[in-house]
Amino acid sequence: MRAQLAHELRNLLRMSGMTYEQLAERTPGISRVTLQRAASGTCVPKEKTVVAFAHACGFSRHEAKLTALRVAARIEERGVLRSLNALHPRLISDRRDLSRALEYIYEAAGAPTLREIRDRSGDPLSLPTSTLARIIARKTTPADERQLLAFIHGCGIPRDQDPMWSDAWAKVSTEVPDPGLERMWRI
């Protein structure tokens with residue numbers, strides 16, 4: 001997938017007729033070297049790099065395809081998703097289930113950066129990056145429903161699924177916390 005993404009980026013650059021230097025001039029905050037690395041296939045670039053690349057080349061209509069390729073490349077690179085089981089929100093019965101479901105959602109989203117999750121959440125103030133790191137590492141679960149919904153939105157879950165996640169939160173939030181549970185989550 002990474003090679004396919006790189007190939008698509010190089011095609012956009014070729015079709016635009018620009019050099020990497022010219023492309024960098026049209027992507028403020030992203031260097032020529034970063035753009036070259038993104039199109040080389042040696043790494044999976046950040047989403048903002050892929051989006052800026054497409055826009056600067058004049059092919060913003062390719063953004064969704066490139067973003068999907070990036071997510072698939074990131075999933076493939078990390079190799080974690082295949083060892084996880086998706087858990088439907090209706091089947092979540094405790095914080096441990098919730099933690100597993102959130103781990104799956106995060107990995108299925110291509111393991112976005114903490115800032116990407118926060119910025120896409122629609123509620124960035126409820127998601128400090130330190131809290132996000134602890135949720136992703138399965139050291140804690142969201143503190144409240146608002147934080148849960150912000151997390152899933154930041155990982156790309158559409159808002160029409162909010163009622164299911166709110167119901168899951170209602171079940172989990174009434175659970176009596178087990179002091180030893182945090183140690184058990186890392187199984």
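Modeller: A helix here is a DSSP run of H or I with at least four residues, while a strand is a run of E with at least two, and both are numbered from the N terminus.

Colleague: Good. What sort of model is this?

Modeller: A predicted one: local features need a pLDDT of at least 70 and side-chain atom pairs 80 or more, whereas totals for chains, interfaces and linings use all residues. Residues count from 1 along each chain as its sequence is written, and side-chain values use heavy atoms, with hydrogens and water left out.

Colleague: And what pLDDT does the protein average?

Modeller: The average is 92, and 94% of the residues score at least 70; the scale is the predictor's per-residue confidence, from 0 to 100.

Colleague: Which element has the lowest mean pLDDT?

Modeller: That's helix H11, residues 181-184, with a mean of 52. At the other end, helix H9 (residues 145-154) has the highest mean, 97.

Colleague: Switching to H1, how far does that helix reach?

Modeller: H1 covers residues 2-16, and its 15 residues reach 21 Å from first C-alpha to last, close to the expected 21 Å (1.5 Å times one less than the number of residues). Gly17 comes next, with a positive phi near 75 degrees.

Colleague: On to pockets. What lines the largest one?

Modeller: The lining is Lys46, Glu47, Lys48, Thr113, Arg115, Glu116, Asp119 and Arg120. On a 1 Å grid over the protein atoms alone, a pocket is an open set of points where a 1.4 Å probe fits, with protein on both sides within 12 Å along at least five of seven lines, and lining residues have an atom within 4 Å of a point. This pocket holds about 230 Å³ of space.

Colleague: Which helix gives the largest share of that lining?

Modeller: H7 does, with four residues. H7 (114-120) and H4 each supply at least two.

Colleague: How does that lining divide by class?

Modeller: Seven charged residues, one polar and no nonpolar. Asp, Glu, Lys and Arg count as charged, Ala, Val, Leu, Ile, Met, Phe, Trp, Tyr, Cys and Pro as nonpolar, and the others, including Gly, as polar.

Colleague: And by class, what does the second largest pocket have in its lining?

Modeller: There we find 12 nonpolar residues, three polar and no charged ones. Of the 15 lining residues, Leu87, Tyr104, Ile105, Ile157 and Trp165 lie nearest the centre, and about 200 Å³ of space lies in that pocket.

Colleague: Which helix gives the most there?

Modeller: H6, with four residues. Both H6 (95-108) and helix H10 (162-173) supply at least two.

Notes
Points joined across faces, edges and corners; volume = space filled by probe spheres on them.
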